[in-house]
Amino acid sequence: MTPRRVTVIPPTLNLLTKAPTGTVKKRRTAGYARVSTDSDEQFTSYEAQIDYYTQYIKRHSDWEFVKVYTDEGITGTNTKRRDGFKEMIKDALDGKIDLIVTKSISRFARNTVDTLVNVRKLKEHGVEVFFEKENIYTFDSKGELLITIMSSLAQEESRSISENVTWGQRKRFADGKVSLPYKQFLGYRKGADGIPEIVPEEAEIVRSIYKMFINGLTPGAIAKELIAQGIPTPSGKKGWQYGTVNSILHNEKYKGDARLQKCFTVDFLTKKTKVNEGEVPQYYVENSHPAIIPPDEWELVQRETERRKKLGGRYRSNDILCCRIVCGDCGTFYGSKVWHSTDKYRRVIWQCNAKYKYNCNTPKYDDDTIKKGFINALNQLIGDKDNILDDCRIIQKTLTDCSEIDRKLEIALQEIEVVTELTKKCINENSTNAQNQEAFASKYNSLVQRYETEKNKVDELNALKLERQHKADEIGAFMFRIHELDTIEEFDSTVWLATIDRVIANADGSLVYCFVNGAQIKV
């Protein structure tokens, strides 16, 4: 029998680089540098890293310098927003790079999955990564194990840093320390002591936005007006949006207060944030910084916003009188009409929107008549100021006394708790014992009906409580305005919003001014 003979055929290509084994070729080498904040201190580190890796690569005679890829002011917890990193990976996969040199695994990514996915992807295409701090070459047989361990440690370090930052933020919140996104916040800049200070020119824009809203304009109409005037947005852009104006009108910081932690970070890896709906604490700081808008005026805007929301599509005008004048014949709101819109006799008149539908006999009124009538009625009301204020205090005390509502709420909530336990018991018995399913369904549906009834009762009681609080706030604003006034000679939109509930237009031409406190004065 012929003896077996084995001949070894040596490899001609490198398993990882695919280059011929006998050739000596310079490895095309790139560096990667990243700093994770935009601070001036980190900028120095960023420049130093670029210079260091440029010189480091060029010192190796068997390396050919490609470039240093960089990311500035970008987090390392994921690679989604790192343009320099993504460009480097693309060039490597396109065959332009053989070796990537970076400072450490934590500079490459603080996310274990991202690190391993990218290292393996590069390895498949014959591209090696060298982590200088850990002295790991990814083509080394132990490289992947070490990378997995080191990446996990880097990820935990990132978690620890994130938790420390979150703790620090919440500690500042609890201490009432306020900071604003000044680059995108109109009206304030960071003061010398760290407290927001007013920027006079920007504050005037904020005041004009509030004034336009009080005069009847909608946020959309205000945005168009600001664009027409060539006023830039908080971020310096030309185009104002409804949402930008709306956020300015409802941000409590403009009245000198601050609600902190409105949003929070859900996951330190993805950096995703969500609106705080009670998952984490919030902190409300009163008088935290100088106010641009007086608190009573800010509250007035919030109440007017709620009124317009309730009116829905019926509030279409840009006039303060809109949806305030009611036809005494049919109960429909008066609407504005423009007469002689193109000539010198142009004027705005108000008439019942359903005048021809219901053949109402109520007359038309011009702006001047309605506003002069308001001045007359309010001056009559002010004449009995002391008695009016005493009555308001009684009304406000009655509205804020919600003890009976709270008692009913407690009973309803106890009933919900009982029904919930009975429902659990019913379901458990059905799952453990054989039962008539029709009887079970009937019992279960009855319990569900009881639960829904009590839940609706709780919702109604909470809505009633909130409504009473809003009415008490209205009375408070009314008292504040009345207390300040002696007599008025000119129409004031702020006073109108704070004091008037509605105006009833009668067929005899009279106007009945119904005030927030319930008083009615016929003019």
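This is a predicted model: local features need pLDDT of at least 70, side-chain atom pairs count only at pLDDT 80 or more; totals for chains, interfaces and linings use all residues.
Trainee: Okay, how many residues does helix α6 have, and how far does it reach?
Mentor: Helix α6 runs over residues 200-214, so to speak, with 15 residues. From first C-alpha to last it reaches 21 Å, close to the 21 Å expected at 1.5 Å a residue.
Trainee: Which residues in α6 are buried?
Mentor: Among them are A203, I205, V206, I209 and Y210. M212, F213 and I214 are buried too.
Trainee: And what covers the buried residues of α6?
Mentor: The cover includes strand β7 (196-198) and the helices α7 (219-228), α8 (242-250), α9 (295-311) and α15 (493-499).
Trainee: Which residue lies over the face of F213?
Mentor: That's R308, at 4.0 Å from the ring centre.
Trainee: What about phi just after α6?
Mentor: G216 takes a positive phi there, of about 115°.
Trainee: Switching to rings: how many aromatic pairs are there?
Mentor: The count comes to 16. One of the pairs is F374 with W496, edge-to-face, at 5.0 Å centre to centre and 75° between the planes.
Trainee: Which parts does that pair tie together?
Mentor: F374 lies in helix α11 (residues 367-382) and W496 in helix α15, so the pair ties together parts that are 122 residues apart in sequence.
Trainee: Are those two buried or exposed?
Mentor: F374 counts as buried, at 0% relative accessibility. W496 is buried as well, with a relative accessible area of 0%.
Trainee: Which aromatic cluster includes F374?
Mentor: F374, F491, W496, Y513 and F515 form one cluster. The charged end of K371 sits over the ring of F491, 5.0 Å from its centre.

How values were computed: Residues are numbered from 1 along each chain as its sequence is written. Side-chain values use heavy atoms; hydrogens and water are left out. Helices (H or I, at least four residues) and strands (E, at least two) are DSSP runs, numbered from the N terminus. The expected span of a helix is 1.5 Å times one less than its number of residues. Buried means under 20% relative accessible area, exposed over 50%, partly exposed in between (1.4 Å probe, protein chains only). Contact means heavy atoms within 4.5 Å. Rings of Phe, Tyr and Trp (its six-membered ring) pair if their centres lie within 6.5 Å; planes under 30 degrees apart count as stacked, over 60 as edge-to-face and the rest as tilted. A charge sits over a ring if NZ of Lys or CZ of Arg is within 6 Å of the ring centre and within 35 degrees of the ring normal.
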